[in-house]
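Work through the exercises below with the model open. Each task is followed by a solution in steps.

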Amino acid sequence: MLEALLTLAVFASTAFTIALLMLPSRYVKHSPPKVITKGTANEPKISVQVLVLGDIGRSPRMQYHAMSIAKHGGRVDVIGYHESTLHPGLINNPLITIVPLPPPPPLLRANKVPFIIAGPLKVLWQIWSLFHTLGYRTKASRWLLVQNPPSIPTLFIAIIICFLRNTHLIIDWHNYGWTILAGTRGGNHPFVTISKYYEALLGSWAPTASFTVTYAMQNQLRNKPYNIKSPIFTLHDRPAAIFQPISNQESRKAFLERMPESQKHAHDIMAGKTKLLVSSTSWTPDEDFSLLLGALCTYAASSEKLPPILAIITGKGPQKQMYLDAIATLTKGSKLNNVTISTAWLSAEDYATLLGCADLGVCLHMSSSGVDLPMKVVDMFGAGLPVVGYGDYESWGELVKDGINGRSFVTSAALANLLDELFGEVDGRQLAKLRQGAMKEGSRRWDEEWDSVAGRFLGLCE
């Protein structure tokens, strides 16, 4: 009997020892900073893992976080799906490492398996890939900065990793995952209820600190169901340096003549005879493109003498082909006689230049939570482009001041009236006033905002 117990104890001890040895390594801060190699090079000021459970290239705010940390001497691992082109500032930067997550198997991405089956299987895949990447493929870091949403399973894995690796967690709240899910599944769906309380519980319990994109969101997180007690800092989105107004008319002309979508309209745009309208959309139900399409049809049918519009729509998404078919049908039926609609997928540089060349930007973002803000408007302001946007939610007024840097609408008819009003003016006085307001709002840049909030919190800035 004693021999059996001793054998069992040896096996248990061995198993426990192996388990301990297999745990991820822990972060150890060296004070003073240790020398990495012979010479003068020391370890970076801080180390941060930036996690995006999505396409890194389509997460501009998280890319900006990474570049700002590296700019101040921090080491950064950017973790996420590497599907589209990255910001040039992330490439060949010795302090930034891109760590791609393995995508789910094709079967789970094909939308052929029912959601009730594919959803949990996809989450299980993400749990494994996140844990393995955060725990074993990357060095232990002082901070883990997580984009939310998605919160499932990101927050759960982040908490475990932070506990195991002696890492502090920061949640960067862009929106709420459960409100986005409610938009597709309905507010009463059991998954929505589970997601809501999961997000609220882990969001209130887990982080060392939180960043939010609006003051309205910060206030909401202080109250039920979140009741976050840890520090919350509002870090507004601000335009990166790439977005600039274009004052040189020759540069504007050269770009319009080079871009295929605007080549044949370039002369009239430069002369003010044709108005260039730009909208960036994800082609999803929460950005109802029918609002803009209906407004353009109304504009085209107006009895007033209005200038032609060239509308360039950028972005990718699931409803794109549906609306392209609708545009073709309307064009064939002579419903868009005074309007040309083109779609484009542009590099970051060309998109920024297009915004600087345009007369008006249109934002169709409908906030699922009521307290987030569209980054596309921030970029438009950075380029000095006035904006008209859907404004029926609480946080809209934090960014767009009606009549100062933009205008707001709720219905397609209201948008059509705004287009008539702004483009119908012979002297363009209103557009000029809004452009001045957009340039003023866009003058505060990302570096300035980040340094005063995140940089100060992380100890990188005074």
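**Exercise 1: a strand between two neighbours**

In strand β11, Gly361 has Val278 standing opposite. The model is a predicted one.

Task: find which strands are joined to β11, how many bridges join β11 to strand β12, and which way the residues of β11 point.

Solution. 
- Step 1. Take strand β8, residues 275-280: 3 bridges join β8 to β11, and the two run parallel.
- Step 2. Take strand β12, residues 387-390: 3 bridges join β11 to β12, again a parallel pair. Here Gly361 stands opposite Val387.
- Step 3. Sort the residues of β11 (residues 360-363) by direction: Leu360 and Val362 point one way, Gly361 and Cys363 the other way. In a regular strand, side chains alternate between the two faces of the sheet.
- Step 4. Check accessibility: Leu360, Gly361, Val362 and Cys363 are all buried.

**Exercise 2: two helix pairs**

Task: classify how helix α11 packs with helix α12, and how the axes of helix α15 and helix α16 cross.

Solution. 
- Step 1. For α11 (residues 289-300) and α12 (residues 320-332), the angle is about 10° and the axes are 12 Å apart. Angles under 35 degrees count as roughly parallel, so α11 is roughly parallel to α12.
- Step 2. List the contact: α11 supplies Phe289, Ser290, Leu293 and Cys297, while α12 supplies Tyr323, Ala326, Ile327 and Leu330. By class, these are 7 nonpolar, 1 polar and no charged residues.
- Step 3. For α15 (residues 412-424) and α16 (residues 429-441), the axes come within 6 Å and cross at roughly 100°. Angles of 65 to 115 degrees count as roughly perpendicular, and α15 and α16 are therefore roughly perpendicular to each other.
- Step 4. List this contact too: Glu421, Leu422 and Phe423 of α15 meet Gln430, Leu431 and Leu434 of α16. The classes are 4 nonpolar, 1 polar and 1 charged.

**Exercise 3: one glutamine**

Solution. 
- Step 1. Locate the residue: Gln147 lies in strand β4, residues 143-148.
- Step 2. Apply the cut-off: buried means under 20% relative accessible area.
- Step 3. Collect the contacts, leaving out residues up to four places away in sequence: Gln147 touches Leu51, Val52, Ser59, Met62, Asp172 and His174.

Conventions:
Residues are numbered from 1 along each chain as its sequence is written. This is a predicted model: local features need pLDDT of at least 70, side-chain atom pairs count only at pLDDT 80 or more; totals for chains, interfaces and linings use all residues. Side-chain values use heavy atoms; hydrogens and water are left out. Helices (H or I, at least four residues) and strands (E, at least two) are DSSP runs, numbered from the N terminus. Contact means heavy atoms within 4.5 Å. Axes are lines fitted to C-alpha atoms, for helices over the stretch in contact, and angles run from 0 to 180 degrees between N-to-C directions. Angles under 35 degrees count as roughly parallel, over 145 as roughly antiparallel, 65 to 115 as roughly perpendicular and the rest as oblique. Ala, Val, Leu, Ile, Met, Phe, Trp, Tyr, Cys and Pro count as nonpolar, Asp, Glu, Lys and Arg as charged, and the others, Gly among them, as polar. Buried means under 20% relative accessible area, exposed over 50%, partly exposed in between (1.4 Å probe, protein chains only). Two strands pair if DSSP finds at least two bridges between them.
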